[in-house]
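Please open the structure in your viewer and keep a selection panel at hand.

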Amino acid sequence: MHTKSLAQLAQGLQAGEFTSVELTHRYLERIDEFGPDLNCFITTTADLALQQAQAADARIAAGEAGPLTGIPLAHKDIFCTRGVRTSCGSRMLDNFIAPYESNVSEQLARAGMVMLGKTNMDEFAMGSSNETSYYGAVKNPWNLAAVPGGSSGGSAVAVAARLTPIATGTDTGGSIRQPAALCGITGIKPTYGRVSRYGMVAFASSLDQAGPMTQSAEDAALVLGAMAGFDQRDSTCVEQPVPDYMAGLEQDLKGLRIGLPKEYFSDGLDNEMARVIDDAIAVFRDLGAELVEISLPNTTLAVPTYYVVAPAECSSNLSRFDGVRYGYRCEDPQDLEDLYKRSRGEGFGDEVKRRIMIGTYALSAGYYDAYYLKAQQLRHLISDDFKQAFEQVDVIMGPTSPSVAFNIGEKSEDPVSMYLSDIYTIAVNLAGLPGMSVPAGFINELPAGLQIIGNYFDETRLLNVAHQYQQQTDWHRRIPEQFS
Amino acid sequence: MEWEVVIGLEIHAQLATQSKIFSAASTAYGAEPNTQACAVDLGLPGVLPVLNEQAVVMASRFGLAIGAQVAPRSVFARKNYFYPDLPKGYQISQFELPIVGQGSIEIELEDGSSKTIGITRAHLEEDAGKSLHEDFHDMTGVDLNRAGTPLLEIVSEPDMRSPAEAVAYMKKIHSLVRYIEICDGNMQEGSFRCDANVSIRPKGQEEFGTRAELKNINSFRFVEKAIQYEIERQIDVLEGGGEVVQETRLYDSAKNETRSMRSKEEANDYRYFPDPDLLPLEVDAAFLEEVRKTLPELPDEKKHRFMKEYGLSAYDAGVLTASRELAAYYEDAASAGGDQPKLVANWVSGELAALLNKNNLDITESPVSAAMLGGLVKRIADETISGKIAKTVFEAMWNGEGDADAIIESKGLKQITDTGAIEKVIDDIIAANPAQVEQLLAGKDKLMGFFVGQVMKATQGKANPGQVNSLLREKLKQK
Amino acid sequence: MSLDADDVAKIAHLARLEISQDNVAEYARNLSSILDLVEQMSAVSTEGVEPMAHPLSLAQRLRPDVVTETDQRDAFQHNGPQVEAGLYLVPKVIE
């Protein structure tokens with residue numbers, strides 16, 4: 001049951017082969033069995049899930065079911081869920097229970113999906129390995145000594161180990177795509193503004209975007225269709241109709257122009273990774289796509305630029321966590337300054353504090369022009385590189401991550417080497433484009449991902465391209481043996 | 001040494017919207033603590049700001065009213081600092097690109113002259129909550145009901161040269177924001193407050209002295225007193241050989257002094273940057289045209305029209321246009337008063353203003369309506385009563401005894417204009433005072449007043465004074 | 001760009017973060033290496049380039065001025081570390 005696609009699950013539910021309650025029980029059992037070793041859930045909500053499953057069964061019985069009704073899911077613990085703790089992977093919010101629902105979780109609940117729980121993540125979504133969580137590191141199901149990637153590592157792992165059919169994630173610099181790649185699943189970061197950010201704890205507001213993490217492009221198309229859309233509560237959410245992503249999946253790829261940025265395939269790229277990506281591209285060539293070498297000249301500037309923009313925004317976004325109205329408050333504050341400094345000093349982990357400090361520094365008097373303004377200008381240049389490229393090609397492809405999953409502890413002492421693991425994903429967020437990662441092979445028995453980048457609001461094409469690839473390959477159907 | 005004072009004001013006007021600038025919570029004053037602070041106002045995680053259209057309309061009204069450019073594109077920025085009444089750890093404000101650009105306004109001074117004060121800019125921002133320092137086990141209580149109330153911060157040029165000019169400017173802005181209905185102007189409730197930047201320099205010196213920023217001034221009287229105190233303090237410092245430090249000072253109205261707020265000064269690095277949760281605000285010509293259509297006649301326009309249409313002095317016109325209600329009262333009274341606009345002006349800003357003031361009443365609460373006052377002036381003009389009798393009639397109107405005509409009738413105050421009747425009284429008085437007649441004829445002209453007085457007394461003030469004068473002269477000439 | 005312990009203390013104060021004395025050196029080292037990474041930005045001239053604050057060049061949408069929020073104080077203050085008489089309490093603020 002746990003290896004079925006969403007369409008198959010929906011079919012089984014509609015046909016009465018199993019109920020949502022049975023399905024939910026099945027996944028809750030798997031979470032009980034495998035969750036603790038993988039540490040991919042912060043909170044499980046069995047009682048709530050069963051209630052929702054019962055309601056879904058009633059809807060199905062009444063003939064009012066949609067394609068997602070009764071199907072379980074897990075939310076990254078960054079989405080506020082009414083009455084259920086939303087920790088954001090931080091001690092700061094360990095006791096925080098939101099009295100409101102995020103737009104993403106609300107829409108999926110309305111579609112009839114059943115919430116199994118909240119998944120582990122890097123603290124405040126800051127990290128590429130899921131080691132910065134207050135709730136401990138998440139393990140990669142393909143090798144428990146390896147990281148799952150981050151920051152949506154818990155969601156990636158839960159899907160990879162089939163502890164949930166799908167999960168939600170958020171992506172600020174690669175946080176959906178990189179863990180999807182490292183765990184061998186499919187993940188899409190939509191165009192900035194496609195999905196409402198309401199109720200999603202902010203890391204860097206101009207970069208954050210939510211998306212689904214799934215077993216396949218087809219599943220992603222179904223879930224993204226339910227997540228996306230206009231929400232008047234988010235000023236940056238775009239008022240534009242949501243296309244029928246499912247309808248576009250079967251389009252053939254003859255004449256598709258695929259851009260291969262020479263900067264992504266330079267000497268720096270690992271040979272094995274180059275081989276995986278070359279093999280994937282060969283599949284597209286066989287499907288009739290045309291390969292075009294392009295250039296994104298400012299590629300190497302994306303990481304430095306991102307590490308000004310994202311920390312600057314986060315330094316301000318995280319100021320609200322001050323121990324006054326909610327969240328962690330230190331013991332016996334001596335005075336107001338002590339309250340602030342210790343609540344924040346004790347409530348945040350090291351990586352969050354580092355980023356707050358970098359951002360504070362970059363915005364401070366005397367440094368603003370050299371750092372923040374400069375980064376915003378570079379952001380323009382990076383974004384222009386993509387605009388020019390999309391005049392010649394329909395999609396851009398390359399590796400999602402420079403390497404497969406590294407070992408837990410390997411990079412945690414060296415923030416900069418960790419940051420460089422997002423070198424291929426970060427520019428996409430700076431530009432606000434949609435990007436996707438699909439499983440494309442294995443290196444040393446660990447999954448590797450192919451990244452597909454699309455033009456603004458061209459999610460339909462991304463999903464189509466990924467789906468066609470998945471019709472030719474079975475990387476996305478591989479499940480780590482232990483969890484099969 | 002002779003010093004010149006340089007003053008600039010930053011006025012914070014709370015915009016009279018129903019809901020907050022970035023949330024749909026109520027802005028009503030006086031609710032139970034934190035009952036009007038929604039998730040956005042409280043800075044809860046994940047919630048987002050969405051801009052209130054009416055705040056933009058109101059800021060635009062102000063921009064148009066001061067002849068400023070309303071920016072086609074303005075940007076919201078975050079001003080970052082930690083304070084318990086600032087829930088997000090930043091205030092959403094406008095920094096580099098404000099909605100309202102440069103404009104100006106005319107103020108009237110006591111000596112009857114006018115002066116133009118420049119307005120540098122006005123920008124939209126959110127108000128903070130309130131810290132209550134009453135004793136909660138030696139802690140401070142935070143009420144965030146006010147957090148997120150829209151503010152228009154109006155920044156003047158350093159164009160004022162005395163506390164009186166600062167007050168006149170503040171009053172003018174106060175009047176303007178009420179005219180254009182963007183702020184209720186309630187200073188007790190903090191809807192209209194100001195900070196003053198004060199510096200002094202030796203007279204004739206071009207460059208400005210170091211300024212102090214005075215915070216927390218919430219009445220016209222305190223503006224004057226706070227600035228006056230600060231000027232004297234700075235003169236003492238400079239004449240004592242010291243230097244004025246650029247700092248924020250808090251005005252303490254109880255002690256009438258300003259004191260340094262070093263705590264707030266420390267590490268004053270606001271790290272402004274564009275708010276990524278809000279997109280640039282665009283205001284196009286069509287939007288502005290719609291706003292313009294709803295604007296009333298502005299105080300300065302009205303003032304100049306009053307000068308032209310009613311022949312009033314700049315000062316009188318300024319006084320009568322200080323509020324829309326007063327101006328409307330005046331215009332109604334003038335139209336009811338026949339062709340006597342100046343006389344009506346004198347009555348409105350004279351007797352009426354004095355009585356309103358004495359009874360602490362607003363013009364809208366006047367027991368004497370504009371039509372009644374106009375009716376009174378009409379009777380002065382057509383000589384039914386004299387100016388002196390008019391005061392008696394006015395008092396009776398104030399006391400609710402009816403309109404002017406009814407009072408004149410019932411009290412028999414109608415002026416005596418019948419020549420025969422007046423002549424008879426004059427004849428009697430001349431006959432009764434032969435000695436005074438002698439002296440007058442001998443050249444003691446001052447006695448003319450005595451005879452007029454006697455006639456008026458005999459007629460209980462009702463005889464037409466002009467007629468009395470000329471008839472008296474005629475009769476005495478015949479002697 | 002190299003930050004020393006003093007710089008770290010200043011930034012930490014501005015950000016209201018307590019960094020224990022034992023950790024300052026490590027923070028200084030890590031932050032310096034991040035700034036070294038960031039400084040690669042100076043390799044490219046950006047003269048005359050318009051800064052980009054948002055991925056999409058759209059304008060702010062406006063919300064009608066209508067009150068739709070109701071009082072949810074109890075629900076919100078459920079998360080409050082210290083609340084009394086409807087107020088959030090903090091250590092005494094001295095002005």
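**First stop: chain C against chain A**

Select chain C together with chain A; between them they bury about 5,200 Å², with 68% of that area on carbon and sulfur atoms. Please keep in mind throughout that this is a predicted model. Next, highlight C:Met41, C:Met52 and C:Arg61, the residues of chain C that lose the most area to chain A, together 15% of what that side buries. The contact itself involves 50 residues of chain C and 72 residues of chain A.

How many salt bridges does the rule find across the interface of chain C and chain A? The count there is zero. Polar contacts, by comparison, are found for 19 residue pairs across the interface of chain C and chain A, with both residues at pLDDT 80 or more.

Now colour chain C by secondary structure. Helix 1 (5–14), helix 2 (21–38), helix 3 (73–77) and strand 3 (87–91) of chain C each contribute at least two residues to the side that touches chain A. Helix 2 of chain C provides the largest share of that side, eight residues. Sorted by class, the side of chain C that touches chain A holds 32 nonpolar, 13 polar and five charged residues.

**Second stop: chain C against chain B**

The contact between the two takes 35 residues from chain C and 54 residues from chain B.

Between chain C and chain B the count of salt bridges is zero. Residue pairs in polar contact between chain C and chain B number 20, both members at pLDDT 80 or more. On the side of chain C that touches chain B, at least two residues each come from helix 1, strand 1 (62–63), helix 3 and strand 3 of chain C. Which of these elements gives the most to that side? Strand 3 of chain C does, with five residues. By class, the side of chain C that touches chain B has 18 nonpolar, seven polar and 10 charged residues.

To see one bridge in particular, select B:Met139, whose bridge partner in strand 3 of chain C is C:Pro91.

Then find the open sheet of chain B whose three strands lie in the order 5-4-15, with antiparallel pairing. Strand 5 (90–94) and strand 15 (273–274) of chain B are at the edges with a single partner strand each, so one side of each has no neighbour in the sheet. Strand 4 (residues 76–80) of chain B pairs with strand 15 over two bridges, in the antiparallel sense. Select B:Ala77 to see one end of such a bridge; its partner in strand 15 of chain B is B:Pro274.

Now display the side chains of B:Asp127 and B:Arg193, which meet in a salt bridge at 2.9 Å, N to O. B:Asp127 sits in the loop between strand 7 (114–126) and strand 8 (130–136) of chain B, while B:Arg193 belongs to strand 11 (residues 192–202) of chain B, so the pair ties together parts 66 residues apart in sequence. Over all chains, a search of the whole structure finds 53 salt bridges.

**Last stop: the domains of chain A**

Return to chain A and select domain 1 (6–255 + 454–483) and domain 2 (303–375), as given by the domain assignment. Between domain 1 and domain 2 of chain A, about 1,700 Å² is buried, 65% of it given by carbon and sulfur atoms. Highlight A:Arg91, A:Met92 and A:Met126, which supply 39% of the area that domain 1 buries against domain 2 of chain A, more than any other three residues. Across this interface of domain 1 and domain 2 of chain A, the rule finds nine residue pairs in polar contact, both at pLDDT 80 or more, and zero salt bridges.

Definitions and conventions. Residues are numbered from 1 along each chain as its sequence is written. Chains are lettered from A and ligands numbered from 1 in the order in which they are written. This is a predicted model: local features need pLDDT of at least 70, side-chain atom pairs count only at pLDDT 80 or more; totals for chains, interfaces and linings use all residues. Side-chain values use heavy atoms; hydrogens and water are left out. Domain bounds come from an automatic or database domain assignment. Buried area is the accessible area (1.4 Å probe) that two parts lose on being put together, summed over both. A salt bridge is a side-chain nitrogen of Lys or Arg within 4 Å of a carboxyl oxygen of Asp or Glu. A polar contact is a pair of N or O atoms within 3.5 Å; within protein, one must be able to donate a hydrogen and the other to accept it, and residues adjacent in sequence count only if both atoms are side-chain atoms. Contact means heavy atoms within 4.5 Å. Helices (H or I, at least four residues) and strands (E, at least two) are DSSP runs, numbered from the N terminus. Ala, Val, Leu, Ile, Met, Phe, Trp, Tyr, Cys and Pro count as nonpolar, Asp, Glu, Lys and Arg as charged, and the others, Gly among them, as polar. Two strands pair if DSSP finds at least two bridges between them.
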